Structure formats: C-alpha cells, structure tokens
Amino acid sequence: MKRLLSILIVLLSAMCMLSAITFSDYNNRKSWIPETLCIGMGNDKWAIGTISYNMDDQLTFSEHIYIEAPVWTLNVNMLSITNRGWREGWSVSDVTLPSTNPLFSGRYDVTQVLFGLPLSLFNNSKFYLYSKPEVGLSFIGNQHYDVLQNTLHKIIKAAPLEVDYEKGNYIKPTINLFFEAGGNLFDVGDNKFILAARADFYNTLNFASKEIIYGSIGLIKQNSDILTLSLGYSFIQSYSDYKTQSVYHEYLKGMIFSLSINSGFLRIDYTARLNTGFGFGVISIDVLSLFKEPSWQKSNLFLTLGTSSQLNCTFYNIKLGHPFTDSNWSLVVSTRFLSGNPSFKDWETTMDPKDWPRYKRSYSAFLVGSRYEFNTKELIVKPYSEITLGMMTWEVRELRNMMTDNDIHSIVNPKLFSFALDLELGLKFIPSGALKSGNSEFQFIIFSGFTAIHNSKKVISYLYDTTQDSEKISTIIPRWGFGIEIGFDLT
C-alpha cells in the first residue's frame, strides 16, 4: 500500500508540472495527432544464444499495438504466460535441484490497455529529464491465446501446448511510471550520445508490481532510442493466487540486460534476465513512418537482420557495421543464434512428455571482422565480401519438467566453445537511397559462405547422443541466408 501511495504521489507531482512545462504543447491541436503507429510481436525464440536461453515457457509470445502523439500515448499489450511443469522446491538458477513435491502446470493471459502522458520536464544541450505516467486496465485470465498459439504450432508442425488455464478472471487497474535522467556526452549529427539513469515502476493493483532501475548508454533522438544498451536490476512482487505467476516472476528477478534498436520503420527490443537466462525479443513496424518525409542522405551505421541456414538449422542473424569514411571497407560485429530448438524434429510431436524428456539445443556465434563492398554504382546489385573471427557456442539441454516420474527440472550439458572463422560473399539489392524511411535506408541481401571451427571432433562427440546435428559437423560448415540491411544516417 505504501508503494502504491508513493507512485500516486509521484504521478500527481508529474501532472502538476504539466501545465507549467508543456501546456503550450497540449494546447496545440497538431500535438494530439498520432505520429507513430507500431504493430509488434514478441517471442521467446528471439533469445540471443550467448546471453539467454529460450525455455519455451514463461512469457511465450506477445502482440503489441503502440500509438504515440506528441502529448499522449496508447499502449495495448497482449501477453501469453505459460508453465509446462514445476514443483515447489525447484530453483530457477539451479535446474538440477531435486524436489518430490507435486507437479503443477498452468497458463494465463494478460491484455493491457494503457494511456500515457509523456512529459519533457527539462531539456537543454547537456542534460534532460523525462517522465511518462501511464494509467489503464489489465484484463487477466483466460482470453484464449492458447488457440492462437496452438494454431501456429499446427501450421509449423510443432507440438501443441496443452496445459489448463489458472482459475479466475480479473480486471485490475494499472498504474505505471517511467522516469529518465540523462546527460549528453556528445552530439552525433541531430542525435545525442547519452548516458542515462532510468527507472520503470509497474503496478497492477492486487495482482503484481515490478520495479526496474538501470543505466543506459547509446543514441537517442527527441527522447526516442535509436540504438541503446541498458544494464540494471529488476524487483518484482506477486499478489495473486496464480501458481504460474509465482514461477514466471522468479524468472524475472535480478540482473537485466536490454537492447533497443529503432530504424524508424523497424524496431527491435530485446531483454535478457542474466540471473536466470530468460530472454525475450519484440519486433515492431511503424506504419506511419511510411507517410513521413525521409531525412536520410547517407549511411554512417548499418544493421543487418535476417536468417541463415547452417547444419539444416535456421539461425537468426544480427550484424552491426560502421563504414570507414571514403573507403569501401567497414568494421562489422555480428551474432547469429538458435535457442531452445528441438533436437529431433518429430520427437515432441510423437512422444508423451509425461513419460519422456524433451531435448533442446542452443547454438550461437559472436564474430568481429571487416567487409569490403565493390564499387558498382551503375548496377542495382552490389557484391561484397566479409571475413570475421570469433567463437561459436554449443549447448544441449534435456528438459524433464513435464515428466510425472522425475524429481529434477532439467539436465544442462556445459557449453562447448569453438574458435570460428567466417567467410561470407553476398549481394545487396536495391540502389542506395532508393528505399528509405525517416533517417534510414533499406536494402535486401543474400549471401553464402562457410564457418571453419578448430575442434569439430569434440563438437561431434558433444552432440552425438542428444541431436542429429553431429552427422553434419565438419571443420568447414557451409551456410547461406538472406536479410534486410538498414543504413542509419546519424548526421
């Protein structure tokens, strides 16, 4: 109750500042016209392999609609939370801790409708204060998101998730408050490279409260993240009788890392809980950005997003590059990953998880190197070559948490590391500047190449009993893929 009172006091104080600081904005009709309409979806499979792991549970998928005008925001979040199996006495940080307490499972859905008032409390060339209170309602319980999930599983031929909903449906008032204090370290064109302290306070009355305090560094423009990294700590409290909520919240506690990328049209938000390994990513598109006059002139930074096929597995690729001035060369940093994928394609659709374990694999690569782009200004296709060095990680888990005759959550084989060299040849389609939105341009790429690893025999032995991938491992492993390259104009 004291925490709620404190939030209300802060909220009231912020509202009192409103007329003194931003009254003119609220009196301007144009300030009420939406400038952003983001439609997004989230999934725990977007869990960067070296940082987090997809348990295929907890927050399993989400849908989001976000509308923003200069003086108001509307946020609609649709969240599906699941627990395939848990015993009291198990630990989120030590999966081998045994317990013979009764096994329970469950799920619940949360739909939030939140109205916010962004407040620029102070802003000059060196320092800024920003706050946004939000109020709304949370609809909690059985909203049949299991139908959406299992329909998709049927389409992709994945095993259905059949667990009962927790009993009880609720409508709860929700009050949130976001606060940020930051300093501008230096200007990057019209953008600011900032160091900031941020705090998020979430309170769904008589259901849950969460506080996150963290530091952020990166590029922002008009209080919107362009590219930021954050590190902080999350506190969370559960107030309902949902057993699934108590399990889910245990995964959310502790150290937190987040990454935010905003190209104008495409947005990516990724969060990892470093204590428990839970990771979740959200990808959104801003529909209204297509109707704005683009400001892009040239790319100072590029981001590549896509997928690649290696070992007959689908990896998600993220690459960040910085072109050298007046040169065809670029510095690139890349990662690719698959996380929590079934080791055997048909195993989970044919076996009974009450009697048999589920085998999951997680592979990732982190690489640094350079790219050379060939001059072909007269063509719509630009070839490039790329060489990077780093490491690959291999991990296999045996999940036993749905088994009735079992006392541990899972068995985790320690990660195996390989030194890796990547060679990539690719083609970029669409001339530079032909497809742009905001301060970004977009190009399509296709590529092929190979990865060379130094310990292929060890990798074969490591994967032999728990996956079929050992048959495809060799010193040189081919790969190919495609994606979208986003160039940012930071001038």
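**Exercise 1. The β11–β12 hairpin**

Determine which residue takes a positive phi in the hairpin of β11 and β12.

*Solution.* Strands here are DSSP runs of E with at least two residues, and helices are runs of H or I with at least four, both numbered from the N terminus. The model is predicted, so local features need pLDDT of at least 70 and side-chain atom pairs count only at pLDDT 80 or more, while totals for chains, interfaces and linings use all residues. Residues are numbered from 1 along each chain as its sequence is written, and side-chain values use heavy atoms, without hydrogens and water.

**Exercise 2. The surroundings of β11**

Work out how β11 pairs with β10 and β12, and state whether β11 is enclosed or open.

*Solution.* Two strands pair if DSSP finds at least two bridges between them.
- Step 1: β10 (residues 224-238) pairs with β11 in the antiparallel sense, over eight bridges. Leu229 has Leu259 of β11 as its bridge partner.
- Step 2: β12 (residues 266-273) is also antiparallel to β11, over seven bridges. Phe257 has Ala272 of β12 as its bridge partner.
- Step 3: Eight of the nine residues of β11 (residues 254-262) are buried, so this strand is largely enclosed by the rest of the structure. Buried means under 20% relative accessible area, exposed over 50%, and partly exposed in between, with a 1.4 Å probe and protein chains only.

**Exercise 3. Thr304**

*Solution.* Leaving out residues up to four places away in sequence, Thr304 touches several residues, including Asn317, Arg371 and Ile445. Contact means heavy atoms within 4.5 Å.

**Exercise 4. Cysteines**

Count the disulfides and classify Cys38 and Cys313 by burial.

*Solution.* A disulfide is a pair of cysteine sulfur atoms within 2.5 Å. The count is zero. Cys38 is buried, at a relative accessible area of 5%. Cys313 is buried too, at 3% relative accessibility.
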